[in-house]
Amino acid sequence: MSIVVAYTPDPAGQSALDWGIAEAKLRGTDLIVVNATRGVARIDPRLAGSGEVRDVDEVLRAAGIEHSIVQPTGPDVVDLVLAEVERAGADLLVLGLRRRTPVGKLIMGSTSQRLLLDSPVPVFAVHPGPA
């Protein structure tokens, strides 16, 4: 039994991580943090830097949660996250939602929407609270 958190280093990703930690404690399960990016786009702002990864690792250790942090790269972020869900045999996927304009959704598509629709396991989508 495990929980996968689709993580990005922003308020939406932090909210997903916080909820994933609480749920992992409640269920007594491990947590897999997936911070994926397209191709070799190491300049992607959604890719956590080494300092951010270290911070996430410290938070998870302090919480006493068995965990792993993976940063896969490939042509499709959704496929990368769902591959980790299946590889881990996860029971739940947690993701953070960002506010986007209708035009932004139309032009850029929606990773969150695809994860919600294509996930083989239940998805908990969390929205960051007010700043």
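## An aromatic pair

How many aromatic pairs does the count come to? In this predicted model, the count comes to one aromatic pair. Its partners are Trp 19 and Phe 124, whose ring centres lie 3.8 Å apart. Their planes stand at 10°, so the pair is stacked.

Trp 19 is partly exposed, with a relative accessible area of 23%. Phe 124 is also partly exposed, at 31% relative accessibility.

Now look at helix H3 (residues 77–88) and helix H5 (residues 111–118). Their axes come within 10 Å and cross at roughly 40°, which makes H3 oblique to H5. The crossing of H3 past H5 is right-handed.

Which residues of H3 and H5 make the contact? From H3 come Val 77, Val 78, Asp 79, Val 81 and Leu 82, and from H5 come Thr 111, Arg 114, Leu 115 and Asp 118. Sorted by class, the contact holds five nonpolar residues, one polar residue and three charged ones.

## A buried threonine

Finally, find Thr 37 in strand S3 (residues 37–38). Is Thr 37 buried or exposed? Its relative accessibility is 0%, so Thr 37 counts as buried. Setting aside neighbours within four places in sequence, Thr 37 is in contact with Asp 44, Leu 47, Pro 72, Thr 73, Gly 74, Val 77 and Leu 80. One of these, Val 77, also takes part in the contact of H3 with H5.

Key: Residues numbered from 1 in each chain as written. Predicted model: local features only at pLDDT ≥ 70, side-chain atom pairs only at ≥ 80, totals over all residues. Heavy atoms only, no water. Helix = DSSP H or I, 4+ residues; strand = E, 2+ residues; numbered from the N terminus. Buried < 20%, exposed > 50% of the residue type's maximum accessible area, 1.4 Å probe, protein only. Contact = heavy atoms within 4.5 Å. Axes fitted to C-alpha atoms, helices over the stretch in contact; angles between N-to-C directions. Parallel < 35°, antiparallel > 145°, perpendicular 65-115°, else oblique. Left-handed = near helix turned anticlockwise from the far one by under 90°. Nonpolar A, V, L, I, M, F, W, Y, C, P; charged D, E, K, R; others polar. Phe/Tyr/Trp six-rings, centres within 6.5 Å; stacked < 30°, edge-to-face > 60°.
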